[in-house]
Amino acid sequence: MAPPTSRLAALPAAGLLGMVLLVAAACSPAPPAGASPSVSASGSAVPSVAPTPSASDPASSATGGAGADPDAAAALDAFRAFVQTDQSFHMRADMLLTVGTLTLDMDVNADVAGGDEKGTIDVRGAGTSVHMDIVVVDGSAYGRIAQRDWIVLPADTSSSNPLLALDVEGLEAVGIVNAAGQLAHHFRTDDVSMIDTGTITGTSITELRLDTVGFDVYVTDDGVPITAVMEFAGEGTVEGASQTIEATVRYDFSKFGEPVVIEPPI
């Protein structure tokens, strides 16, 4: 596959990863240096709560794999129009993150309106179970843990919406597949430069290097996203020690066009 000529601007899981590491740093001990990441029994990092079809590959339920997609260009045009319009929708994200030997599983449920969002984050790991409310509005982020007082989160905490500022020109058509029980157009990029690592690192990780990246999105004929999956792996410095880092995030979208009111909580 030829590398895409453009970048997926500042996006998928940048906000998610920053929030997870912020919570993990506050609630968990730092993993030992040089440790290997934990993986699932299948040998790959996948969310522990796997919607149907599987979180790592919605196409896996398609009979005979991906089929030819003569309407891919039209679907991509429709998806481009969707992304470039301020949309409101509900988003569920399920993320599995490994940093050294520390494994964290996170669920996000959020209402999204353009670059703003409000919802909840639940983080689980060894010795860690945190419920967090999150609001991102007008470029500022707010959070509260377990109904405590709201606080202003670091300025580098961004929206977890993977469609925000998405440049669809980097996506290549894969085929028609069965995603979440319906036929969908599958688009993908594996261009490592699709992620601006500066939006991920924030105050939690330094010297992040990504070795592999994959971003898959599944859309209807009208360009409406059904689900998306992002995976990446690399290495960075956490708490002064070099750590292997892997993440898999599955996003599911629904409730398009329903009114969403998002205001600062403090």
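The side chains of Arg-144 and Asp-133 meet in a salt bridge, with N and O 3.0 Å apart; the term asks for a side-chain nitrogen of Lys or Arg within 4 Å of a carboxyl oxygen of Asp or Glu. Arg-144 sits in strand 5 (residues 140-145) and Asp-133 in strand 4 (residues 128-137), so the pair ties together parts 11 residues apart in sequence. Strands here are DSSP runs of E with at least two residues, helices are runs of H or I with at least four, and both are numbered from the N terminus. Asp-133 is buried at 10% relative accessible area, while Arg-144 is partly exposed at 21%. Buried means under 20%, exposed over 50%, and partly exposed in between, using a 1.4 Å probe and protein chains only.

Please keep in mind that this is a predicted model, in which local features need pLDDT of at least 70 and side-chain atom pairs count only at pLDDT 80 or more, while totals for chains, interfaces and linings use all residues. Residues are numbered from 1 along each chain as its sequence is written, and side-chain values use heavy atoms, leaving out hydrogens and water.

Follow strand 7 (residues 172-179) into strand 8 (residues 182-189), and you find an antiparallel pair joined by 7 bridges. Gly-175 has His-186 in strand 8 as its bridge partner. The hairpin has 2 residues between its strands, and Ala-180 takes a positive phi near 55 degrees there.

What does Glu-169 form a salt bridge with? The partner is Arg-80, with the closest N and O atoms 2.7 Å apart. Glu-169 belongs to the loop between strand 6 and strand 7 and Arg-80 to helix 2, so this pair ties together parts 89 residues apart in sequence. Arg-80 is buried at 18%, whereas Glu-169 is partly exposed at 43%. Asp-77 joins Arg-80 and Glu-169 in a network of salt bridges.

Asp-105 lies in strand 2 (residues 102-113) and Arg-124 in strand 3 (residues 116-125).

Definitions and conventions: Two strands pair if DSSP finds at least two bridges between them.
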